[in-house]
Every structure is written in structure tokens, then in C-alpha cells.
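User: I want to learn how to read the fold and the helix packing here. Can you take me through the features step by step?

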Amino acid sequence: MSHSLHRYGTRENLKNDFCIYTRAAKGVNRDNCGDKLRETLKIYLSEDVVNFGSSHAGKCFLNGLDPEEYAKTLDHSYGIIATFADREAVKGVLVKAKEAGIGISTVVSGLIDEVVEIAHEAGLKPHTALISLGIHGKTGLLPEGDVLQFTTMCGHSLVAQNLVRMVIEKVKSGKLTPEEGALILAKPCTCGIFNTKRCAALIKEKLETEANA
């Protein structure tokens, strides 16, 4: 799940940004796990899910991945990842997954204290924690911080920095709404971990900051 750990931003704008990855393990419970993954997908969809997908599907929900068609392919998959912008939705997923007794590893990424609190509220005890130690190396080669907040929402670096800049300029000129811009940026991220609600909020925040400068 490390590709969702390095989202760049402030504590405030990361507060409502969660990814949940349910994944079967090779040699443990991967064989014939399709039915369990389909049950997982139903649980995701029963809550206020922002996005979902997988690299196996080749596209995310916000880029046209049909849930019913996707469910049919899960016999040949081993995991599903989804994005949420509401802690109560995350809690709902965990409670329902626990009640269903699906028995597949489930990883939640977000602000660690928030994730631990949600897990406890759902009657769960976190097993393991992975923590991002930040960005090291030649950081001068990276785009500016306000662009990183967008590009790091795709852990496989499929959202280009120049695409981010172009979308922001189009929103600024009135050619796109922040929500329309967020959808454009979400489409290259096949895993479905790009959070369009956070993205739209970041665009609005950036434009307001520039207007007040």
C-alpha cells in the first residue's frame, strides 16, 4: 500500500483523504478469492466512495469503470482499492467488512492518528503501521509544493505536473469548474486512489490564495 502513503499536503487538507486496499495474499487466500472481492466491492459501493479501480482493470471508476462489469473480472484479480473523503464512510466500510468476516487483509491509509481512531471505533485493532518518512534526495528536481499536492494523489506518478498546471489555468480562466478539472486529473490514475473531492478543494484554495495575494 506504499504508493498511497506519500500524499503531499497540510494536515488540514489531508484530513478527509483515505484509501482502503483489500488484497488477498499469494499462498494464503488468493486462490478463488473472486467472491470475497465482489463482496468487498459491494461494501465499498454501499458507502460514499469517491473513486475505485485497479491497474488490472486499466482504468478507474471516474474514467468509466463499470462496477458490474468490473465485478465479473474479480476472479482473475487479487485486490481492490478505493478512495473516500469522509471518515464515517471509512468507518462504515470497516464495520461492514468485519461483520461480513471476509478474511482478507485490509489496509487504510490516511493521517495515522485519524486512521487508528476510526479503527478503534469500528471495533478493530490495527495490526501494522507503515509511515512515510517524507521526501529525500534531489528535491529541487520536484515540482513546487502546491503541484505536488495534486500529483502525489496518484502513487504511480501518472498525473503529470504540466497537466495539473494546465487544469488550474483553465479553472482560473473560467473554462472549467474545479470539479471538472478534478475529474480530468483523476482519469490517468488507473488504481482509483485520486481523490477528486480533495482535488477540487485544493484548486479552490489555490485560486483564493492567489486572488488574495
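Analyst: Start with the elements. Helices are DSSP runs of H or I with at least four residues, strands are runs of E with at least two, and both are numbered from the N terminus. Keep in mind that this is a predicted model.

User: Which pattern does the protein follow along the sequence?

Analyst: Reading along the sequence gives α-β-α-β-β-α-β-α-β-α-α-α-α-α. In total, the protein has nine helices and five strands.

User: How do I judge the overall dimensions? What is the radius of gyration of the protein?

Analyst: Compare the C-alpha value with a rule of 2.2 Å times the number of residues to the power 0.38. Here the radius of gyration is 17 Å, close to the 17 Å that the globule rule gives for 213 residues, so the protein is as compact as a globular protein of that length. The C-alpha trace spans about 55 × 35 × 35 Å along its principal axes.

User: Now helix packing. At what angle do helix 2 and helix 4 pack?

Analyst: Read the angle first. Over 145 degrees counts as roughly antiparallel. Helix 2 (residues 34-46) and helix 4 (residues 87-100) pack at about 150°, with axes 9 Å apart. Helix 2 and helix 4 are therefore roughly antiparallel to each other. Their crossing is right-handed.

User: Which residues of helix 2 and helix 4 make the contact?

Analyst: Helix 2 supplies I43, Y44 and S46, and helix 4 supplies V93, K96, A97 and A100. By class, the residues of this contact are five nonpolar, one polar and one charged.

User: Helix 4 also packs with helix 5. What are the angle and the axis separation there?

Analyst: Helix 4 and helix 5 (residues 112-121) pack at about 45°, and their axes are 9 Å apart. That makes helix 4 oblique to helix 5. The crossing of these two helices is right-handed.

User: Which residues of helix 4 and helix 5 meet?

Analyst: On the helix 4 side, R87, V90, K91 and L94. On the helix 5 side, E114, E117, I118, A119 and E121. The contact of helix 4 with helix 5 divides into four nonpolar, no polar and five charged residues.

User: And helix 7 with helix 9: what is the angle?

Analyst: About 65°, with the axes of helix 7 (residues 161-172) and helix 9 11 Å apart. Helix 7 passes helix 9 in a right-handed crossing. V167, I168, V171 and K172 of helix 7 contact I203, K206, L207 and E210 of helix 9. The classes are five nonpolar, no polar and three charged.

User: Let us zoom in on one residue. Where is K206 placed, and what does K206 touch beyond four places away in sequence?

Analyst: K206 lies in helix 9 (residues 196-212). Leaving out residues up to four places away in sequence, K206 touches D146 and I168.

User: Which side chain makes a polar contact with the side chain of K206?

Analyst: The side chain of D146, at 2.4 Å. For such a contact, the cut-off between N or O atoms is 3.5 Å.

Terms used
Residues are numbered from 1 along each chain as its sequence is written. This is a predicted model: local features need pLDDT of at least 70, side-chain atom pairs count only at pLDDT 80 or more; totals for chains, interfaces and linings use all residues. Side-chain values use heavy atoms; hydrogens and water are left out. A polar contact is a pair of N or O atoms within 3.5 Å; within protein, one must be able to donate a hydrogen and the other to accept it, and residues adjacent in sequence count only if both atoms are side-chain atoms. Contact means heavy atoms within 4.5 Å. Axes are lines fitted to C-alpha atoms, for helices over the stretch in contact, and angles run from 0 to 180 degrees between N-to-C directions. Angles under 35 degrees count as roughly parallel, over 145 as roughly antiparallel, 65 to 115 as roughly perpendicular and the rest as oblique. A crossing is left-handed if the near helix is turned anticlockwise from the far one by less than a right angle, and right-handed if clockwise. Ala, Val, Leu, Ile, Met, Phe, Trp, Tyr, Cys and Pro count as nonpolar, Asp, Glu, Lys and Arg as charged, and the others, Gly among them, as polar.
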